[in-house]
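Look at the structure below.

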Amino acid sequence: MLMNACDPIFNASIQLDGSCISREDYSVENLISPDAGLRKRGFLCETFIRPPVSLTFSFPFAFDIKYVVIGTRVGGQKSSGFQILAGRSDNVQKICSMITEKEAILFHDNSTDLSRYGNDYDKCCFNISASRNIRSAEKLSVRIFKTVNSIPAISKLEIWGKISCGVPKEIHQSITRNWEESIRPKQIQTKINNVQPITKINSDVFVMCDDFLDSITYEVMTCPMVFPSGKYVDRTTVEKCIEHDTMYGRTPCDPFTGIPFTDKLKPMPVPELKGRIDSYLIKHADDENVKCIPRAVGKHSFSFYKERQTKKPKVQCSTCNENCNLYNLPCKHLQCRNCLKTERIKCNVCHSNFNRSQIEKYHEDH
């Protein structure tokens with residue numbers, strides 16, 4: 001049975017090597033934390049740390065490694081070059097290395113079924129000589145040797161494999177039993193979600209996804225951007241922060257960390273998140289809570305919706321319904337030139353009579 005050694009139930013350990021320092025709230029322990037919020041936050045180095053950076057995962061029992069999944073981006077920070085080393089405590093060797101532009105990478109052996117991982121993953125097979133290092137492994141090291149003009153970052157770490165055959169039978173059975181119990185609720189919940197229709201508890205309550213809200217204003221973002229600290233805000237919020245710092249003679253900086261912006265550390269647009277927001281708003285476009293949210297797409301986008309509310313009535317002749325060469329009568333109704341050929345002019349709406357000298361040419365901006 002395949003299992004993820006990074007699952008919190010195994011109480012494994014992970015640490016940074018050398019003098020590397022993780023950023024506050026983005027500790028390397030987040031990658032295996034039992035807190036889902038911390039795991040989602042991921043790992044970031046301090047802003048002055050540059051590659052190479054290594055982190056070492058210690059297995060709580062002898063483990064046969066099948067494949068390793070790594071998320072490469074945390075907010076605006078992205079790592080691109082990874083090297084995997086594995087083995088026993090006294091003999092850890094390189095088993096594969098790759099440079100990627102994608103946001104997830106999969107290192108695997110020759111027998112791994114890759115069908116569940118689509119084109120969003122870059123894939124790299126273990127070296128031919130790696131078999132002795134991935135069997136009964138005690139440690140696995142991830143070395144980040146390249147980034148995309150940013151600090152080293154990892155958003156996710158999963159190490160999948162099997163319990164080594166050298167593990168005593170009693171321990172093997174205990175570990176397997178704990179793993180089965182931990183995944184059983186997830187499997188049951190997945191089955192329920194796939195079979196039963198989703199029902200709304202209260203249709204009057206509209207809930208917006210927290211990922212779509214500005215981290216400062218808590219309003220829906222129309223043009224999401226990410227600070228170097230990994231916090232998402234709207235472009236207008238970024239502009240206000242920069243304007244505020246400039247007004248007081250300060251260098252524009254990340255409001256969450258106080259670190260000044262540079263060519264490498266600066267707010268960046270997040271088109272993927274904008275696509276998710278726009279898709280969600282289009283899907284719920286008929287909801288009254290969504291109609292007033294400004295955005296650039298959707299059948300109820302702000303500009304279009306406003307135009308519908310302020311749409312002017314159709315302008316045409318009150319007699320023949322022509323819409324060109326129109327004239328204003330004193331009664332405020334309109335007639336075209338062809339209907340004004342008689343000496344006495346009569347309004348077809350209110351039946352009032354007027355002299356020719358009382359009419360005026362109608363203009364669009366009248």
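The side chain of Arg23 reaches the backbone oxygen of Pro228 at 3.2 Å. This is a predicted model: local features need pLDDT of at least 70, side-chain atom pairs count only at pLDDT 80 or more, and totals for chains, interfaces and linings use all residues. Residues are numbered from 1 along each chain as its sequence is written, and side-chain values use heavy atoms, with hydrogens and water left out.

Arg23 sits in the loop between β2 (13-16) and α1 (36-41). Helices (H or I, at least four residues) and strands (E, at least two) are DSSP runs, numbered from the N terminus. Arg23 is buried but has no salt bridge. Buried means under 20% relative accessible area, exposed over 50%, partly exposed in between (1.4 Å probe, protein chains only). A salt bridge needs a side-chain nitrogen of Lys or Arg within 4 Å of a carboxyl oxygen of Asp or Glu.

Now the helix. Which residues of α4 are buried? They are Thr237, Val238, Cys241 and Asp245. Seen down the axis of α4, these buried residues fall within an arc of 105° (taken from the directions from the helix axis to the C-beta atoms), so they line one face. An α-helix has 3.6 residues a turn, so residues three or four places apart point the same way. The buried residues of α4 pack against β13 (224-226) and β14 (232-234); contact means heavy atoms within 4.5 Å. On the other side of α4, Lys240, Glu243 and Met247 are exposed. Gly249 follows α4, with a positive phi near 75°.

Methods. Lys, Arg positive; Asp, Glu negative; His and termini not counted. Polar contact = N/O pair within 3.5 Å; in protein donor to acceptor, adjacent residues only side chain to side chain.
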